[in-house]
Amino acid sequence: MKYVDEYRDRDLARTVAAAIAAEADPDRSYHFMEFCGGHTHAIFRYGVQDLMPENVHFVHGPGCPVCVLPVARLDDAVELAERYGVILCTYGDMMRVPGTKQRSLIRAKADGADVRMVYSTADALRIARENPDRQVVFFAIGFETTTPPTAVALKTAEAEKLGNFSVFCNHVLTPSAISHILESPEVRDLGIVKIDGFLGPSHVSSVIGSQPYEFFAEEFQKPVVIAGFEPLDVMQSVLMLIRQVNDGRCEVENEYTRVVTEEGNVKAQTLVSEVFELRKSFDWRGLGTVPYSALRIRDRFAKFDAEKQFELSVKASREVKSCECPSILRGVKKPTDCKLFGTVCTPQSPVGSCMVSSEGACAAYWTYGRFRDQQPSKLEAAE
Amino acid sequence: MTAADLRLAANASNARGSVDMTHGAGGRAMADLIRDVFHKHLANDYLAQGNDGALLGSVSGRLVMAADSHVISPLFFPGGDIGALSVHGTVNDVAMMGARPLWLSASFIIEEGFPLADLERIVVSMALAARQAGVPVVTGDTKVVEKGKGDGVFISTTGVGVLSEATDIGGGNARPGDAIIVSGTMGDHGIAILSKREHLDFETEILSDTQPLNDLVAAMLAAVPGIRVLRDPTRGGLSATLNEIAHQSKVGMVIRETAVPVNPEVAAACELLGLDPLNVANEGKLIAICGADDAATLLAAMRSHPKGLDAALIGEVVADEHALVTMRTRLGGMRVVDWIAGEQLPRIC
Ligand code: SF4
C-alpha cells in the first residue's frame with residue numbers, strides 16, 4: 001500500500017533501530033511520553049518496544065478521548081438517553097465505557113434507550129433529518145482533530161434550522177493537558193514520573209500546528225517531537241528526541257513534515273473558534289480539573305447545545321476505587337500495577353476506561369503486549 | 001457465485017407484494033408461498049416427498065451435524081446475499097470436520113412486510129449455492145413475525161454430513177511444531193459487508209468471499225489424510241479462530257504478519273476504518289493445521305485447487321501453557337494476536 005507500507009518497512013526499521021542503539025547513551029535512561037493513544041496503539045501493535053534499547057522507555061499518556069472523559073459526563077449522556085428519551089448518537093468506543101455502577105451506553109441501549117453508533121457527525125445529522133419528531137443528540141468527544149467536524153455539524157444544523165438536533169460537547173484541548181501533567185507534583189517535585197520528552201500527536205498538530213507546543217518546550221524545558229502514527233514515524237521521532245536530550249536541547253521539532261506545518265490548518269481553526277469558546281475549567285478523568293482545557297458551544301448556537309436544552313441532573317458519579325486509570329493516564333503507574341488488570345478487568349469486561357478504548361494503555365497492554373510479562377523467554381524462542 | 005449468477009438470481013424473481021401474517025398461518029397463502037417460492041427453486045426428490053420431515057436413506061460412516069443461524073445486514077452485499085451465505089456457512093461447518101456434507105435443512109423467519117421479490121431472490125441464490133456445493137436442501141420451515149419483530153429475514157440452516165472412519169479432525173489436535181496454513185486472503189467478507197453499511201464513506205470493489213469449501217477440503221484430505229485441524233475463520237476472523245484452536249489444543253502459536261495474505265483493497269479499507277484485517281470476517285476461507293512434514297504437500301494441493309490459489313503457510317504451533325497467539329510484525333517486533341473485545345464490526349453475521 002503506497003504511503004503506508006513505507007512506514008512499516010522492516011529494513012528501514014532496523015536502520016533506525018541501529019541508529020537509536022548507537023546514539024542512546026548507555027549511561028543514562030530515556031523516558032518519553034507519548035501523549036496520544038494512537039501512538040500507544042502503534043507502539044504495541046507493531047512491537048516497537050522490541051526494537052528499542054533497554055534504556056529507552058515509553059510512558060503512556062492521557063491522549064485517548066474515551067479514557068479521559070469523566071464519569072459524570074458519561075452519566076449525563078446515559079441520562080439524556082434514558083430520562084429524556086433522545087436518540088443519542090456516539091462513536092463506537094464510547095458505547096462500552098462503564099459509568100457509575102458500571103452502567104454504560106450499551107447497557108442503556110439493551111434496556112431500551114435509543115443509542116446509536118455513528119461513524120461521523122454527518123450520520124448524526126442524517127438521523128435528525130430522518131426523525132423530525134425525535135430529539136437527536138450527538139455525544140461529541142475528542143481532541144482537536146474531531147472538533148472541526150462537530151463545528152461543521154453545528155453550522156449545518158443552524159443553516160438547515162434543524163429543530164431537533166443538538167450536541168453534547170466534550171471536546172478537549174491537548175496543549176493544556178500536557179502543561180497540566182508537567183505542572184503536576186508527580187512530575188515537578190517528586191520525579192515519580194520521569195519524562196525526558198514528548199511525542200506530540202501529529203493529527204492534533206495538523207489542525208493546531210506545531211507552534212502551540214513551543215511555549216512549554218521552553219517553559220518546562222522538555223523536547224517535543226511531533227510524530228506521525230506509523231511505527232517508523234514513532235521510531236524516527238524517538239531518535240530525534242534522543243538527539244535533543246543528548247545535546248541538551250529543548251525544542252519543538254516536526255517529524256511529520258508531510259502534513260504538519262507550524263501554523264496548522266488555519267481554516268479549521270477559524271471554524272472552531274467561530275462555533276466554540278474556551279471553558280474556564282473542565283474535569284478530566286485521571287487529571288482532575290484542568291483550567292481552560294476544553295471547549296463549549298458559543299451562545300449563538302445555544303439552540304443546538306444539549307447542555308442548555310436539557311437539564312442534566314447527574315452530579316455525583318463514582319469510579320471504581322481500585323481502578324488505577326487516573327494514575328495510568330498521568331504515567332504514574334503501569335497497567336500491570338493495577339490489581340484488576342487481566343483478572344477482573346479485561347477488554348471483554350472493562351472496569352475502567354483505559355481498558356475500553358483500543359487506544360487506552362490498559363487495552364493496548366492486554367491486547368498486544370501481555371506476553372511480555374507472562375513469558376519473557378518467548379521472544380527469543382520465536383527468533 | 002459469479003457476477004453472472006448473481007444477476008440471474010436478481011432477475012429470476014417476478015414475485016410481487018410482500019409477506020404478511022397469512023404467509024405464516026398454515027393456510028392457503030402459506031402453501032402457495034412454499035410451492036411458488038421454496039419448492040419451485042429448491043426442487044429435489046426429498047422436498048418432493050412433501051412430508052413434515054425428509055426420509056434420507058442410509059449412509060455408511062460416522063455422521064456429522066452442524067447448525068448455523070444467519071442474521072446479516074445488509075441482506076444483499078457485493079458477492080453474495082443471505083441465501084448463499086446460509087448454505088455456505090453450514091456446508092463449511094460440516095466440511096471443517098473433514099466430513100462430506102450430504103443434506104441441508106433451512107428455516108426462515110420472515111418479517112411481515114418483507115418484499116416477496118426479495119424473498120424469492122434469496123431463495124434462488126440459496127438454490128444456486130446448494131447446487132454448486134452439491135448439497136440439497138431437503139426440508140425447511142417458514143415462520144412470519146410481526147413487523148418490527150424481525151429484521152427482514154433470518155435463516156437457520158442445519159447440515160448433515162458423513163465422515164470416514166480414518167479422519168480425525170478437531171480443534172484440540174494441534175501440536176507444537178505443526179504448520180499453520182490459510183487458504184487465501186483474509187477479511188474480504190467483512191469489508192464487503194462494511195462497504196455497504198449505511199453511509200460509510202468508502203468504496204471498494206471488494207466482493208465477499210462467500211463460497212462452499214467442501215471440494216477444497218476433499219482435495220486437501222486426499223493429499224494429506226492426516227490434517228489435524230480445519231476451521232473457517234468467520235466471525236472474529238483469523239485472530240479469533242487461531243485463539244479458539246490454541247485454547248482447545250492448549251498450545252501457543254506464532255505467525256508472521258508478512259506471510260498472512262491480505263487483499264490490498266481490504267488492507268486499505270482496514271487502514272481507513274482503523275480495523276485489523278486479522279479480526280475481520282471471512283466466509284470462504286479456511287485454516288488448516290498439519291504436521292510440519294505434511295505442510296509442503298498440503299500447500300501444493302491447496303494451491304492447485306481454484307479455491308486455494310493464494311494458500312500460504314503463515315506460522316507454527318508452539319508449546320505454550322498460556323495458549324497465546326503471537327505475531328512477528330512486519331516491523332520486526334512481536335505482539336499478541338488477540339480475540340477482539342466485544343464487536344469490532346457491528347453484527348456482520
Ligand atoms: S486494568 Fe482496568 S481497572 Fe485497572 S487501571 Fe486499567 S482500566 Fe482501570
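The largest nonpolar core holds 77 residues. A:L88, A:F139, A:Y213 and A:W284 have the most contacts inside this core. Helix α16 of chain A, residues 361-369, gives the most to the core, with seven residues. Not counting residues up to four places away in sequence, A:W284 touches A:V68, A:F143, A:V172, A:L173, A:A177, A:V290 and A:S293.

The model is predicted. The predictor gives the complex an ipTM of 0.72 and a pTM of 0.82. Chain B has a mean pLDDT of 89, and 91% of its residues reach 70 or more. Over residues 345-349 of chain B the pLDDT is below 50. Beyond near neighbours in sequence, this stretch still has 23 contacts in the model.

Chain B also carries an open sheet of four strands, ordered β1-β6-β4-β5, with mixed pairing. β1 and β5 of chain B stand at the edges, each with a single partner strand, so one side of each is left without a neighbour in the sheet. Direction ignored, neighbouring strands are turned by 15 degrees against each other on average.

| Strand of chain B | Residues |
|---|---|
| β1 | 62-70 |
| β4 | 100-111 |
| β5 | 137-145 |
| β6 | 153-163 |

β1(B) and β6(B) pair in the antiparallel sense over nine bridges. B:L63 has B:V162 in β6(B) as its bridge partner. Helix α4 of chain B, residues 82-95, packs on the sheet. This helix touches β1, β4 and β6 of chain B. The direction of helix α4 makes about 150 degrees with that of β1(B).

Notes:
Residues numbered from 1 in each chain as written. Chains lettered and ligands numbered in written order. Predicted model: local features only at pLDDT ≥ 70, side-chain atom pairs only at ≥ 80, totals over all residues. Heavy atoms only, no water. pLDDT = per-residue confidence, 0-100. Contact = heavy atoms within 4.5 Å. Core = buried A, V, L, I, M, F, W, Y, C linked by side-chain atoms within 4.5 Å. Buried < 20%, exposed > 50% of the residue type's maximum accessible area, 1.4 Å probe, protein only. Helix = DSSP H or I, 4+ residues; strand = E, 2+ residues; numbered from the N terminus. Pairing = 2+ DSSP bridges. Axes fitted to C-alpha atoms, helices over the stretch in contact; angles between N-to-C directions.
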